[in-house]
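Please keep the sequence and the structure in view while reading.

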Amino acid sequence: MPFARLATATTPTCHIGLGLAAIGRPGYINLGRTEDLGEDRSVEALRARTHELLDAAYVQGVRYFDVARSYGRSEEFLADWLNARPSFDDIVVGSKWGYTYTADWTTDAERHEVKDHTLRTYERQRAETAELLGDRLDLYQIHSVTPDSPALTDKELHARLAEAAAQGTTVGFSTSGPAQADAIRAALAVTVDGEPLFRTVQSTYNVLETSAGPALAEAHDAGLTVIVKEGMANGRLADAHAPDALKAVAAQTSLGCDAVALALILRRPWAGVVLSGAATVNQLSSNLHAAVVDLDEDQLAALAALVEEPQVYWEKRAGLPWN
């Protein structure tokens with residue numbers, strides 16, 4: 001398991017990863033992107049921003065980097081950065097397949113990505129990822145599995161994923177939607193030749209959306225590494241948009257709402273890696289303070305009161321504009 005490399009790391013930030021969803025393409029659904037990215041969202045501008053963030057993350061102890069075929073040019077940007085730093089051999093790289101980027105480097109496309117979990121898409125995207133990341137790829141995940149995903153029942157696909165695992169690539173999956181727990185439990189039951197297929201799970205979990213927690217604990221107990229995404233709820237928990245209760249706790253800690261929100265996740269015993277989706281170096285540095293936040297029982301209770309029903313949370317997320 002490539003994540004064993006993180007187990008021996010001594011920096012408190014080693015369990016915070018950097019996801020490139022927000023900076024690998026000009027449009028995404030995070031609140032505040034206009035302020036974060038400004039007007040210049042050219043390929044070269046976002047490439048430079050990505051490399052700046054990767055440098056800052058590495059210096060501060062981050063060792064897991066997360067991309068996807070649908071995150072615009074995120075794999076390309078990461079590959080460029082890695083190729084210029086061949087001595088960085090302690091990094092863990094994860095990517096995802098199952099969505100195709102279709103926005104053509106715009107923010108107002110009719111469809112920004114198209115989902116397809118068929119074997120044909122896996123074979124095409126696996127070749128595309130291999131061309132860019134080569135042997136630097138450690139983890140390949142099915143992108144956004146839901147309970148009705150054919151990826152949970154396609155035996156031929158399972159066999160091909162098992163082949164990749166046998167050749168050294170860790171196989172995982174990510175989840176989204178109000179039925180994340182059902183998808184996680186269904187994926188845990190997938191086996192090939194009597195052996196579990198998946199070794200990692202990446203799910204949305206944050207102050208507002210905690211419904212996947214019990215299933216993620218089960219996945220951890222089954223030996224999977226748990227990666228948490230969208231810990232900032234696509235910007236809804238950032239200082240400018242955070243609920244008053246979160247702002248109050250942040251004030252008590254003298255840190256940002258982002259650090260408190262991510263610290264809550266880091267406290268979970270099943271959380272292996274918690275992703276930062278920072279778009280600026282200042283945001284990243286603030287996110288990394290999560291590793292040293294200590295929350296008391298009253299503060300935890302105040303944050304627990306903010307939890308939304310899963311259906312409500314995901315309806316709000318679906319209503320966020322691409323910007």
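For what follows, Ala, Val, Leu, Ile, Met, Phe, Trp, Tyr, Cys and Pro count as nonpolar, Asp, Glu, Lys and Arg as charged, and the others, Gly among them, as polar. The structure is a predicted model, and the values below are computed from it.

By these classes, the lining of the second largest pocket has three nonpolar, four polar and six charged residues. The space in this pocket comes to about 180 Å³, and of the 13 residues that line it, Arg 69, Gly 72, Arg 73, Tyr 101 and Leu 132 lie nearest its centre. Two or more lining residues come from each of helix 4 (74–83), strand 4 (99–101) and helix 5 (119–133), with helix 5 giving the most, namely four residues.

Helix 4 and helix 5 also pack against each other, with their axes 9 Å apart and at an angle of about 25 degrees. Angles under 35 degrees count as roughly parallel, and helix 4 and helix 5 are therefore roughly parallel to each other. On the side of helix 4 the contact is made by Glu 75, Glu 76, Leu 78, Ala 79 and Leu 82, and on the side of helix 5 by Glu 128, Thr 129, Leu 132 and Leu 133. These contact residues divide into five nonpolar, one polar and three charged.

A further helix pair is formed by helix 7 (residues 180–188) and helix 8 (residues 213–221), whose axes come within 8 Å and cross at roughly 20 degrees. Helix 7 and helix 8 are therefore roughly parallel to each other as well, and their crossing is left-handed. Helix 7 brings Ala 181, Ile 184, Arg 185 and Leu 188 to the contact, while helix 8 brings Pro 214, Ala 215, Leu 216, Glu 218 and Ala 219. Seven of these residues are nonpolar, none is polar and two are charged.

The two contacts are set out by residue class below.

The backbone remains to be considered. Most residues other than glycine have a negative phi. Trp 105, although it is not a glycine, has a positive phi of about 60 degrees, and its place is in the loop between strand 4 and strand 5 (113–115). Ala 233, also a residue other than glycine, has a positive phi near 55 degrees, and Ala 233 is found in the loop between strand 11 (225–229) and helix 9 (244–253).

Methods: Residues are numbered from 1 along each chain as its sequence is written. This is a predicted model: local features need pLDDT of at least 70, side-chain atom pairs count only at pLDDT 80 or more; totals for chains, interfaces and linings use all residues. Side-chain values use heavy atoms; hydrogens and water are left out. Axes are lines fitted to C-alpha atoms, for helices over the stretch in contact, and angles run from 0 to 180 degrees between N-to-C directions. Angles under 35 degrees count as roughly parallel, over 145 as roughly antiparallel, 65 to 115 as roughly perpendicular and the rest as oblique. A crossing is left-handed if the near helix is turned anticlockwise from the far one by less than a right angle, and right-handed if clockwise. Contact means heavy atoms within 4.5 Å. On a 1 Å grid over the protein atoms alone, a cavity is a set of points where a 1.4 Å probe fits but cannot get out, and a pocket is an open set with protein on both sides within 12 Å along at least five of seven lines; lining residues have an atom within 4 Å of a point. Grid points are joined across faces, edges and corners, and a volume is the space filled by probe spheres set on the points.
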